Amino acid sequence: MSLTMFSLKKSIWVYHLSAGSCNNCDIEILDCLTPRFDLERFGIMLVGSIRHADVILATGIVTRKCLLRVKRVYEQMPAPKLVVAIGACACTGGIFRTGYNMAGPFDRVIPVNAYIPGCPPKPEAMIDGVVKLIQSLNGKLPAKKVR
Amino acid sequence: MASDKRTIIPIGPFHPLQEEPEFFELYVEGEKVVDIDVHIGYNHRAIEQIGQRMNWDQVIFLVERICGICSTSHPIANCNAQEDLAGVEIPERAKYIRSIVGELERLHSHLLWVGLAGHFLGYNTLWMWAWKYREPILEIFEHVTGNRNHYAMMRPGGVKRDIKEEDIPHLTKVLDEAERKIAMVTKAALDDPVLAARLKGVGILTQEDAIKYCAVGPTARASGVAIDVRKDDPYAAYDLVEWNIITQEAGDVFAKAVVRLLECFESVKIIRQCLDKLKKVKGDIAVKIKKMPHGEGKGHHEAPRGETFHYVRSDGSNNPVRVKVRAPTYVNLPTCKATVPGESVADAAIILAAIDPCYCCTERMMRVMDKRGGKVELDGNELVRLSQEKTRGLRKQLGL
């Protein structure tokens, strides 16, 4: 097991990227940090800069104005680049998929490793999703995908 | 020259402080902010246009997803608009249930704001407290409506689910507990000398400016403008229960916090009275709207952030021809032009947060139209093309 993988399993630093969501998945992500769910006891921490992050928590359809910025944020992320799409919008486009301003969903823009559906998913589901993602890696870093 | 000393501080669009993408440009001279520019549009999801392709019931689900925090305000406003169009009066029981859901939402939204404001000020204990005591309210929502957020409780003509008789004691108990905790948070926040020093006299919006910028909701009420749709044009059960409009005169960030915190108690008061009435008022929770007539309807609701206005137009078919939304932040956001300049950079974050901005509600798209022909002349792609052409032209000029 590489050192990166070892530290990733112990403490996952997440970055929250909202690219045209309704705010609901976003406040549920913040909810995970507050006393009821308290993610920090598992070592999961929300960080302010993408350069410190292991996992992107992506919410929202990718709007056309966000498109380039989302790509740039992803490029600035250090390896292993893990992305979790949270909510119906991030997974499929949800109710907004027929709109003219939709450039997503997320997996058409950047590689996505895990999907957490729901509108919005419950905080328990989000925690479960991130933990399952790390377990599914099974000690190996994901293969590099090129888009 | 003064303008030479100006520095632009960009904040955003993806910034740890904000949940939503938005972009502020602060023009500063030294520590002082002299001007501010706000760029929005990162969240624009074409909701009004999608709404025109949906049928009347589906539109309610769509407008619910305009915003996740005021996610029952938009459905209430849209239902009001549709009922105005169809000329339908909803049953009394449905009125009380609507008010209960609307006020519970105000409780959770105001607590959320108090928490975020604490976080912006570096008072993280307040953040954790407020969000901890917000959880029981979300639990009530899950109990009553089936989901923590996005309750899908409203339908044109009434409400979707009933509040059962046996649930009422449980709701009252949670509400009593929540009120005690909110009282504690209120006392802790308002008596704190550091918070007072930090917030009093900061970001003052005068009454005159509030009227000039057409501010609504707590932003206007904190500046002494007693404007509240629930009193001015009552709908649902707001004229059937006793409550007061909370106003403050100062107009600073502290006054806005006071208004929001005290409004929580008014909300609790309204919910209690509505729950009491629910025990007595029996009957249907919805009337069926058989056909949408030709015409137009308007509806509004006092969302936690201010007046939400919805307009629908029908040609008598299954779909609306036009759905128009005006969210409170749309009018509250420009007030930052009056409040932020003159303050220090450190205060800018909390002043911008003080209007409780919700950008997902506000997003608009710009198109340049020919005034006479009504032909679209410029849209997003066109503007990008123009800009690229200019670069190419410049390159040629410079011989590169």
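Predicted model: local features only at pLDDT ≥ 70, side-chain atom pairs only at ≥ 80, totals over all residues.
**Exercise 1.** Locate B:Trp127 and B:Trp131, then classify their ring pair.

*Solution.* Start with position. Both residues lie in helix α5 of chain B, residues 124-145. They are four residues apart, about one turn of the helix. Next, check B:Trp131: its relative accessibility is 0%, so B:Trp131 counts as buried. Now turn to the rings. The structure holds five aromatic pairs over all chains. For B:Trp127 and B:Trp131, the ring centres are 6.3 Å apart and the planes stand at 80°. Planes over 60 degrees apart count as edge-to-face. The pair is therefore edge-to-face.

**Exercise 2.** How do helices α4(B) and α14(B) run relative to each other, parallel or antiparallel? Which residues meet?

*Solution.* Find the helices: α4 spans residues 92-120 of chain B, and α14 spans residues 345-354 of chain B. Read the geometry. The axes are 10 Å apart, at an angle of about 170°. Angles over 145 degrees count as roughly antiparallel. So α4(B) and α14(B) are roughly antiparallel to each other. Then list the contact. From α4(B) come B:Trp113, B:Ala117 and B:Phe120. They meet B:Ile350, B:Ala353 and B:Ala354 in α14(B). Sort the residues of this contact: six are nonpolar, none polar and none charged.

**Exercise 3.** Which ring does the charged end of B:Arg45 sit over?

*Solution.* Look across to chain A. The ring belongs to A:Phe96. The charged end of B:Arg45 is 5.0 Å from the ring centre.

Key: Residues numbered from 1 in each chain as written. Chains lettered and ligands numbered in written order. Heavy atoms only, no water. Axes fitted to C-alpha atoms, helices over the stretch in contact; angles between N-to-C directions. Helix = DSSP H or I, 4+ residues; strand = E, 2+ residues; numbered from the N terminus. Parallel < 35°, antiparallel > 145°, perpendicular 65-115°, else oblique. Contact = heavy atoms within 4.5 Å. Nonpolar A, V, L, I, M, F, W, Y, C, P; charged D, E, K, R; others polar. Phe/Tyr/Trp six-rings, centres within 6.5 Å; stacked < 30°, edge-to-face > 60°. Buried < 20%, exposed > 50% of the residue type's maximum accessible area, 1.4 Å probe, protein only. Lys NZ or Arg CZ within 6 Å of the ring centre and 35° of its normal.
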